[in-house]
Amino acid sequence: MASRISELVLACRDPELLARFWCEVLDYVELDREENGSIEIGPREGFGGPRPTLVLSPEADVPDAGLFRLHIDINATDRDQDAELERLLALGARHADVGQTGQEPWHVLADPEGNVFCLLRRRLDAL
């Protein structure tokens, strides 16, 4: 037996803003809201499927974003990398510099709160 990632928790200043952003990026929907302001988003089929949910947890003292020990990598499922990059930038992502050379086959981006994530070149099939 093995474990599986079921959800990722991201401390943030504005769960509403990031829920909207990541729902659009990942084609997720809001699944739950907690009294503390946390918002859980995930695939339309809900918690427990092959894709993990994302819990956006309000935190007043979130450190400035940047390169953390954990970041999210994403892949386009229905378009090429360039088209997906344009879509992500239109949603509010921005380019981030974490010391890359410019020769990498991925793009380093930041979400609206500055959390770094990467758009990889490889294309995955939709689940």
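Arg79 forms a salt bridge with Glu84, with the closest N and O atoms 3.5 Å apart; a salt bridge here is a side-chain nitrogen of Lys or Arg within 4 Å of a carboxyl oxygen of Asp or Glu. The model is predicted: local features need pLDDT of at least 70 and side-chain atom pairs count only at pLDDT 80 or more, while totals for chains, interfaces and linings use all residues. Residues are numbered from 1 along each chain as its sequence is written, and side-chain values use heavy atoms, leaving out hydrogens and water.

**Salt bridges**

- The structure holds six salt bridges.
- Asp78, Arg79, Glu84 and Arg87 are linked in a network of them.
- Glu84 is buried at 5% relative accessibility, whereas Arg79 is partly exposed at 26% (buried is under 20% relative accessible area, exposed over 50%, partly exposed in between, with a 1.4 Å probe and protein chains only).
- Glu84 also forms a salt bridge with Arg87, where the closest N and O atoms are 2.8 Å apart.
- Arg87 and Glu84 are three residues apart in helix H2 (residues 81–91), a separation of about one helical turn; helices (H or I, at least four residues) and strands (E, at least two) are DSSP runs, numbered from the N terminus.
- Arg87 is partly exposed, at 22% relative accessibility.
- Asp27 and Arg44 meet through their side chains in a salt bridge of 2.8 Å, N to O.
- Asp27 lies in the loop between H1 and strand S2 (29–33) and Arg44 in the loop between strand S3 (39–42) and strand S4 (53–58), so this pair ties together parts 17 residues apart in sequence.
- Asp27 is partly exposed, with a relative accessible area of 44%, and Arg44 is exposed at 56%.

- Four strands form an open sheet in the order S5-S8-S7-S6, with mixed pairing (two strands pair if DSSP finds at least two bridges between them).
- Strands S5 (72–74) and S6 (94–95) stand at the edges with a single partner strand each, so one side of each has no neighbour in the sheet.
- S7 and S8 pair in the antiparallel sense over four bridges, and Val108 has Cys118 in S8 as its bridge partner.
- Helix H1 (residues 15–26) lies across S5 and S8, at about 35 degrees to S5; axes are lines fitted to C-alpha atoms, for helices over the stretch in contact (heavy atoms within 4.5 Å), and angles run from 0 to 180 degrees between N-to-C directions.

**Asp111**

- Asp111 sits in the loop between strand S7 (107–110) and strand S8 (116–119).
- A polar atom of the Asp111 side chain lies 2.9 Å from the backbone nitrogen of Glu113.

Notes: A polar contact is a pair of N or O atoms within 3.5 Å; within protein, one must be able to donate a hydrogen and the other to accept it, and residues adjacent in sequence count only if both atoms are side-chain atoms.
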